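Open the model in your viewer and keep the selection tool handy.

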Amino acid sequence: MARWPSTVVRTGWAVISCAVLILSLTSGCAAERSSPDGNPPEIEPLGAVGEGEGQLNLIAWAGYAEDGTNDAKADWVTPFERQTGCQTEVTLGNTSDEMVQLMRSGRYDGVSASGDATLRLIYAGDVAPVNTALVPNYESISPFLKDQPWNSVDGQMYGIPHGWGANLLMYNIEVVRDAPNSWAAVFDDAAKYRGKVTAYDSPIYIADAALYLSKKDPALGIDDPYSLTTEQLDAVVRLLDKQRENIGQYWSNYLKEVEAFESGASVIGTTWQLIANTIGARNRVPVNTVVPKEGSTGWSDTWMISSKAAHPNCMYKWMNWISSPEVNAQAAEFFGEAPANVKACEHTSERDFCDIYHATDATFAAKIHYWTTPQKKCVDGGGDDCTDYDEWAAKWRQVTG
């Protein structure tokens with residue numbers, strides 16, 4: 001059964017062993033692996049789903065695989081176990097880096113990976129291609145989440161989409177009165193709110209700065225915020241170094257940002273709709289959110305099957321279960337993100353939930369540059385001279401100290 005602390009967080013407190021030393025996984029202590037020819041290893045997807053093996057071992061973001069322990073009304077693991085006989089153990093992944101390391105242990109059948117982890121897993125051969133024909137609910141997944149750079153290679157899907165959302169600009173309307181519509185508010189104009197600007201604490205946040213610079217300074221030639229040459233990355237880091245002077249705190253635990261806005265320690269910064277909704281429900285400070293004119297980064301999480309899965313039949317059954325309209329609605333609503341299955345909107349308890357999260361709005365979704373793992377082979381297809389995730393992680397440590 002799934003077990004996790006009562007606070008829903010994407011990142012948190014866990015660190016695990018890397019070699020002999022105990023280090024934070026974001027330190028980049030493990031070098032990335034890839035196949036010699038720069039392509040994913042050839043791995044055959046499952047040909048047919050048979051009887052379940054009776055066991056399933058998952059790595060998941062908190063809130064993605066609930067069994068009623070934390071909230072009696074939130075339980076979609078127990079019904080799955082009863083229907084399939086696949087007894088499910090869930091290990092929390094507190095960061096994408098941690099999830100990658102855990103998957104490489106070979107002890108897990110699958111993972112709910114974000115785009116800053118997926119390509120690392122694919123190119124290292126840690127996950128297998130998915131035979132989507134064996135997942136009936138895949139048919140009703142939003143088209144704009146299928147065959148994307150973060151979940152497929154050369155037209156081959158490597159997972160089943162779970163949920164998605166945008167990284168928004170949030171501000172306290174009593175302090176920030178000019179209703180900003182540009183990321184300039186937290187970059188070039190951040191000095192207005194010195195010490196009260198906040199940003200997401202992850203190397204993938206480099207893409208937010210890259211997206212802003214791609215619009216502000218077209219001469220840099222940034223076409224995709226995840227495909228940066230060394231020169232482009234250096235330019236982005238200079239912007240982040242300048243921003244650092246005005247940052248009050250970086251956040252990864254979403255409740256920390258809630259607390260910071262409610263206390264007045266933060267008045268403007270990047271956020272998720274879940275955070276804005278939480279602040280709004282508590283009614284302690286007025287905030288507004290916007291997708292700035294430059295667009296936004298965001299996430300689209302994908303259930304992926306290990307290439308070493310000991311229980312592949314149970315994993316395929318899980319991928320179909322979690323992507324079903326009823327269950328996808330429960331998970332998305334509990335976590336606070338748009339469900340991947342378009343039919344899920346018929347099953348949310350909050351009638352306007354899908355409107356709030358733009359769940360089926362392809363125009364809104366097109367504004368989002370979804371997290372995609374940076375690679376030497378540019379993910380936008382522009383060449384082989386891009387910087388990879390390890391380089392981003394090293395630069396991020398330099399920026400944040």
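Before selecting anything, one convention: a residue is called buried under 20% relative accessible area, exposed over 50%, and partly exposed in between, with a 1.4 Å probe and protein chains only. This is a predicted model, where local features need pLDDT of at least 70, side-chain atom pairs count only at pLDDT 80 or more, and totals for chains, interfaces and linings use all residues. Residues are numbered from 1 along each chain as its sequence is written, and side-chain values use heavy atoms, with hydrogens and water left out.

**Stop one: the charged pairs**

Side chains of opposite charge can pair when their charged atoms come close. Here a salt bridge means a side-chain nitrogen of Lys or Arg within 4 Å of a carboxyl oxygen of Asp or Glu. That rule gives nine salt bridges.

Select Arg-120 and Asp-97 to begin. Their closest N and O atoms are 2.9 Å apart, forming a salt bridge. Arg-120 sits in helix α3 (residues 115–123) and Asp-97 in helix α2 (residues 96–103), so this pair ties together parts that are 23 residues apart in sequence. Helices here are DSSP runs of H or I with at least four residues, strands are runs of E with at least two, and both are numbered from the N terminus. Are these two partners buried or exposed? Both Arg-120 and Asp-97 are buried.

Now select Asp-188 and Lys-242, a salt bridge whose closest N and O atoms are 3.6 Å apart. Asp-188 is in the loop between β9 (168–172) and β10 (197–200), while Lys-242 belongs to helix α5 (residues 230–244), so the pair ties together parts that are 54 residues apart in sequence. Asp-188 is partly exposed at 23% relative accessible area, and Lys-242 is partly exposed at 41%.

**Stop three: Glu-262 and Arg-284**

Next, pick Glu-262 with Arg-284, whose salt bridge has its closest N and O atoms 3.2 Å apart. Glu-262 lies in helix α6 (residues 254–263) and Arg-284 in the loop between α7 (273–282) and β13 (287–290), so parts 22 residues apart in sequence are tied together. Arg-284 counts as exposed, at 58% relative accessibility.

**Last stop: Val-399**

Finally, go to Val-399 in helix α12 (residues 389–400). Val-399 counts as buried, with 7% relative accessibility. Which residues does Val-399 touch, not counting residues up to four places away in sequence? With contact meaning heavy atoms within 4.5 Å, they are Val-237, Leu-240, Asp-241, Arg-244 and Tyr-250. Show Pro-203 too: Val-399 and Pro-203 are 196 residues apart in sequence and 9.8 Å apart in space, C-alpha to C-alpha.
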